[in-house]
Amino acid sequence: MGSRFRGSDNVRLMSWKSSAKVVTSPEFTPEALEAGRKLFAQECRFVIGVAQEVQLPPPGRPEIGFAGRSNVGKSSLLNALTGRKSLARVSGTPGATRQLNFFDLGGRAYLVDLPGYGFARAGKSDIAEWNALIRAYLRGRANLRRLCLLIDARRGVGDPDRQIMAMLDEAAQSYQLVLTKTDKLPEKALAGIVQALEAETAGHGACHPEVIATSAETGAGIPDLRAALAAVVFA
Ligand SMILES: Nc1nc2c(ncn2[C@@H]2O[C@H](COP(=O)(O)OP(=O)(O)OP(=O)(O)O)[C@@H](O)[C@H]2O)c(=O)[nH]1
Ligand SMILES: [Mg+2]
C-alpha cells in the first residue's frame, strides 16, 4: 500500500477502515511486532504526576514521552498502546492533562504523558509554568530514549509543533512524528498529510525519519508503534 506514495518507503500506512487491519511495513519483522506486543502487554500502572521539576523520578530507566498539541490524542494513544481503556485520562476538554504523568510499564520503562501545548484557556501564569516544566524535561532528560511527537492527521504540522521540533533538534533529543486520529480522514487526504510529514522530518536533525500513522479509535498502526518503541526500550 505504501508504494502508492512516492518516497514513502519508511512510512507505514494502513487501512483505517472499520476492520482496522494494519498493513505492516516490511521492516517490522514478526519478531519485532511480537516484542512490541509483549512489552505493552505487561502491567502498566500510574506512578506519579509531576507538576514541578523537583518531583521528577530519578532518571534510572528508559523513558518514552508522548507530546503534542492539546487534544491531539496523547492520552488516548497511551491507552491504546497499553490496551487499557482508562489508564490515562481522556478528555474532550483541551488541556486536561496538566502535569507529566509517569506510567511504569512492566518495570522496564516509563511512559510519560506530557501536558499539551498550544492551549490558551488556562491562566497565563499557569501556561508559563507548564511550558517551563516541559522545556526543562525535554532538554535535560538523558534517559528519555524517544519522544513521540503527536500530530493530528486532520491538522498536520503547525507552528507550535515546529517550535517544539526546533527545541528538540537543538537539545539533540531523539523524537518521532506519530500521526493520530487517522480514522477521521479519508485515505486520499491522509496520503497528502503523510507526504507533508515526510518532507518535514528531513530538515530536522533529531527527528526519526519514520512516521507512524495511528488511530486510537480503530487500533490502526498501534502494533507498529509498539514494535518501534520496544526496539527503542531494548536497544
Ligand atoms: N476519532 C478519534 N478520536 C480520537 C482519537 N484519539 C483521541 N481522540 C479524541 O480526541 C479527544 C482528545 O483526546 P485525548 O486523548 O484526551 O487528547 P490529549 O492529547 O491527551 O489531550 P490533552 O491532555 O488535553 O492535551 C477525545 O475526545 C478523544 O476521544 C482517535 O484516534 N480517533
Ligand atoms: Mg491528555
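Let's start with Leu149: leaving aside its neighbours within four places in sequence, Leu149 is in contact with Ala67, Gly68, Asp161, Ile164, Met165, Tyr175, Gln176, Leu177 and Val178 (contact means C-beta atoms, placed from the backbone, within 7 Å). This is a predicted model, where local features need pLDDT of at least 70, side-chain atom pairs count only at pLDDT 80 or more, and totals for chains, interfaces and linings use all residues. Residues are numbered from 1 along each chain as its sequence is written, while chains are lettered from A and ligands numbered from 1 in the order in which they are written.

**The whole chain**
- You'll find six helices and eight strands here (DSSP runs numbered from the N terminus, with helices being H or I of at least four residues and strands E of at least two).
- Going along the sequence, the pattern reads β-α-β-β-α-β-β-α-β-α-β-α-β-α.
- Of the chain's 235 residues, 42% count as buried (20 or more other C-beta atoms within 10 Å of the residue's own; 12 or fewer is exposed, in between is partly exposed, and C-beta atoms are placed from the backbone).

**The core**
- Leu149 turns up again in the largest nonpolar core, which has 53 residues; Leu149 is among those with the most contacts inside it, as are Phe66 and Leu111 (such a core is a set of buried Ala, Val, Leu, Ile, Met, Phe, Trp, Tyr and Cys residues joined through C-beta atoms within 7 Å).

**Helix H1**
- The buried residues of H1 are Gly36, Leu39 and Phe40.
- Seen down the H1 axis, these buried residues fall within an arc of 90°, so they line one face of the helix (the arc is that of the directions from the helix axis to the C-beta atoms).
- Over on the other side of H1, Pro30, Glu31, Lys38 and Ala41 are exposed.
- H1's buried residues pack against helix H2 (74-82), strand E4 (100-105) and H6.

**Ile64**
- Ile64 sits in strand E3 (residues 63-68).
- Ile64 counts as buried because it has 24 C-beta neighbours inside 10 Å.
- Ile64 and Arg146 are 82 residues apart along the chain, yet their C-alpha atoms are separated by 5.2 Å.
- Leaving aside neighbours within four places in sequence, the contacts of Ile64 include Arg146, Leu111 and Leu229.

Conventions. Contact = placed C-beta atoms within 7 Å.
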